[in-house]
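Subject: Structure handover

Hello,

Please find the structure below, for you to keep alongside your own notes. My findings follow it.

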Amino acid sequence: MSLFQLFLISILSSCMAQDEDIMTPVVNIYSELKELKASVNALTVDLNTAKNELAEQKSLIQELQKQIKESPKVAFSASMSNTADSHRGPFSTENKLIFDKVLTNIGNAYDPVTGVFTAPVKGVYYFRYSGSAFSSHDMGLSIFKGTARFVSSYEYNSGERNDQMSNGAVMELNVGEEVHMRLWIRTWIFVDRRYNYSTFTGYLLYPLDSTSV
């Protein structure tokens, strides 16, 4: 064998060795692709879960917005009108107080002629009153639910120039039930012409359906 032939054999052997190195992968491509596919599948599951949770939250928000929009709006606040500073009472019998100066009456559930609030829907309501009087007389006030006294306040003649008091209560009312204020026997309440010291207020906290306990 000639030297030239030996040289060619040597070159071919070297090239074959290099080809083997090139064809031999550094990493297992199939294994890497399999792991990558598993990661993509896991991310897809997470994304679908997030989409479902977002859809549920959106549905809940829409339902709450609908309930707020459809919920009845009931709120009132009233004082007593007069052309000059005066007072109501004292009387020999307990008297219903008529707060005829309407400040707010959303839903028109309060009647300023009779002084009676009538529940338009079954629900939980909040009522509050304030009273002002000169100290020369006692002052007694009560909220009535129908014909039953619910909460009261009493201010004894303190000897000070002015007396102030207030009270409030949460009530569960059925449709048509009534709430009003009364002035106690032999007491009085101040009626001012400008500042609305003595007031009667109420509003619906939330409605109750027929299945509520």
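Strand 8 (residues 139-145) and strand 9 (residues 148-155) are paired antiparallel, with seven bridges between them. Please bear in mind throughout that this is a predicted model. The hairpin made by strand 8 and strand 9 has two residues between the strands, and Gly146 there adopts a positive phi near 65°. Across the pairing, Phe144 has Arg149 in strand 9 as its bridge partner. Phe144 also has a charge over its ring: the charged end of Arg182 is placed there, 4.0 Å from the ring centre.

Ala169 belongs to strand 10 (residues 162-173). In sequence Ala169 is 18 residues from Val151, and the C-alpha to C-alpha distance between the two is 7.0 Å. Ala169 counts as buried because its relative accessibility is 7%, where the cut-off for buried is under 20%.

Now the aromatic side chains. The model has 14 aromatic pairs. One of them joins Tyr126 and Tyr203, with 5.6 Å centre to centre and 50° between the planes, a tilted arrangement. This pair connects distant parts of the chain, since Tyr126 is in strand 7 (residues 123-134) and Tyr203 is in strand 13 (residues 199-207), 77 residues apart. Tyr203 has a relative accessible area of 33%, so this residue is partly exposed.

Tyr195 and Tyr197 make another tilted aromatic pair, at 5.8 Å centre to centre and with 40° between the planes.

Last, the surface. Which residues form a nonpolar patch there? The patch consists of Ile29, Leu33, Leu36 and Val40, and together these have about 380 Å² of accessible area. Ile29 is part of helix 2, which covers residues 29-70. With a relative accessible area of 52%, Ile29 is exposed.

If you are opening the model now, the ring of Phe144 with the charged end of Arg182 over it and the tilted pair of Tyr126 and Tyr203 are two places to look at.

Regards

Methods: Residues are numbered from 1 along each chain as its sequence is written. This is a predicted model: local features need pLDDT of at least 70, side-chain atom pairs count only at pLDDT 80 or more; totals for chains, interfaces and linings use all residues. Side-chain values use heavy atoms; hydrogens and water are left out. Rings of Phe, Tyr and Trp (its six-membered ring) pair if their centres lie within 6.5 Å; planes under 30 degrees apart count as stacked, over 60 as edge-to-face and the rest as tilted. Helices (H or I, at least four residues) and strands (E, at least two) are DSSP runs, numbered from the N terminus. Buried means under 20% relative accessible area, exposed over 50%, partly exposed in between (1.4 Å probe, protein chains only). A charge sits over a ring if NZ of Lys or CZ of Arg is within 6 Å of the ring centre and within 35 degrees of the ring normal. Patches are made of residues with over 30% relative accessible area and no salt bridge: like charges are joined within 9 Å, nonpolar side chains (Val, Leu, Ile, Met, Phe, Trp, Tyr) within 5 Å. Accessible areas come from the Shrake-Rupley method with a 1.4 Å probe; for residues, only the protein chains shown count as cover. A salt bridge is a side-chain nitrogen of Lys or Arg within 4 Å of a carboxyl oxygen of Asp or Glu. Two strands pair if DSSP finds at least two bridges between them.
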